[in-house]
Amino acid sequence: MEIGAATGRNGAEALSPLHPAPRHVGIIMDGNGRWARAHGLDRLEGHRRGAESVREAIRACPDLGVEVLTLYAFSTENWRRPAEEVSGLMELFRVYFAEEAESLIREGVRVTFLGDPTRLPADVQSMMCALEKATQEGRQLRLVVALNYGARAEIANAARRLAEQVAEGALAAEDVTEEALASALETADLPDPDLVIRTSGEQRLSNFLLWQAAYAEFIFLQETWPEFTQESFAKAVRAFRARDRRFGASFG
Ligand code: IPE
Ligand code: IPE
Ligand code: MG
């Protein structure tokens with residue numbers, strides 16, 4: 001096990017063993033609007049700056065040992081925002097997908113999506129499909145973008161799928177197990193997130209990976225998403241690696 005420095009109570013650097021890196025990190029990218037307001041800018045400028053932090057987060061992953069990065073980009077509740085902000089966000093997704101495809105391929109990033117794409121503009125949906133296809137050979141990092149994603153809808157859809165199988169006689173009711181439900185979720189091929197980071201001081205999940213985060217560690221950062229850097233990510237991973245996870249077992 002790698003040895004890392006942790007700051008003791010008197011400020012002294014004590015050597016303590018570090019746990020393994022988080023395989024899967026989820027990030028609730030919050031605070032773009034507050035960042036913009038604090039700088040006297042339009043909310044959309046905050047979202048634009050947020051896209052730069054996305055690049056930072058992706059670049060940091062290989063060195064930090066992170067294999068899967070899930071980014072919460074747009075929730076099923078975000079449709080409640082003013083139409084102008086929603087269409088501005090959709091335009092940003094277009095620009096991001098178009099501009100980033102080449103470097104994602106170069107950096108070996110495989111991109112997939114979570115959520116219901118059908119409510120998104122048709123051209124955004126086609127760009128998502130094209131990006132999934134163009135990056136499918138990427139092996140350095142799996143980037144999962146949660147776009148029009150809501151965990152409750154995901155769980156309800158999985159339950160409905162299992163119920164249909166039971167109704168058809170393809171599945172026995174007693175086989176509706178945790179494993180069966182997990183395999184019916186959109187995240188069936190992903191490990192559960194080990195760490196969920198939320199920026200901007202809010203301490204809630206806002207309908208993000210409710211099932212999968214059952215045993216995730218949570219780190220809430222005060223900084224807004226546009227302020228998030230590779231260094232912020234490295235610090236959060238170090239804090240995660242200093243934590244003891246017990247999964248219900250007794251201490252020690
Ligand atoms: C996160 O920033 C981006 C999205 C939810 C799309 P916000 O837009 O929520 O920023 P605040 O919370 O209003 O500051
Ligand atoms: C959560 O942020 C959704 C995303 C980051 C995409 P919100 O800003 O929408 O969450 P609430 O409304 O503060 O809970
Ligand atoms: Mg917010």
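Helix α3 supplies six residues to the lining of the largest pocket, the largest share from any one element. The model is predicted.

**The largest pocket**

- The space inside the largest pocket comes to about 790 Å³.
- Its lining is made of 36 residues.
- Nearest the centre of the pocket lie M29, N32, Y72, A73 and F74.
- At least two lining residues come from each of α1 (32-38), α2 (43-64), β4 (68-75), α3 and β6.
- Sorted by class, the lining has 19 nonpolar residues, eight polar ones and nine charged ones.

**Helix α4: length**

- Helix α4 runs over residues 122-134 and has 13 residues.
- From its first C-alpha to its last, α4 reaches 18 Å.
- That is close to the 18 Å expected at 1.5 Å a residue.

- Which residues of α4 are buried? They include V124, M128 and L131.
- Why do these residues sit on the same side of α4? They cover an arc of only 70° around the axis, which puts them there together.
- An α-helix has 3.6 residues a turn, so residues three or four places apart point the same way.
- The face of α4 turned away from the buried side carries exposed residues: A122, C129 and K133.

**Helix α4: neighbours**

- What do the buried residues of α4 pack against? Their partners are α3 (83-106), β5 (109-114) and β6 (141-149).

Technical notes
Residues numbered from 1 in each chain as written. Chains lettered and ligands numbered in written order. Predicted model: local features only at pLDDT ≥ 70, side-chain atom pairs only at ≥ 80, totals over all residues. Heavy atoms only, no water. Helix = DSSP H or I, 4+ residues; strand = E, 2+ residues; numbered from the N terminus. Expected span 1.5 Å × (residues − 1). Buried < 20%, exposed > 50% of the residue type's maximum accessible area, 1.4 Å probe, protein only. Arc of directions from axis to C-beta. Contact = heavy atoms within 4.5 Å. 1 Å grid on protein atoms, 1.4 Å probe; cavity = no way out; pocket = protein on both sides within 12 Å on 5 of 7 lines; lining within 4 Å. Points joined across faces, edges and corners; volume = space filled by probe spheres on them. Nonpolar A, V, L, I, M, F, W, Y, C, P; charged D, E, K, R; others polar.
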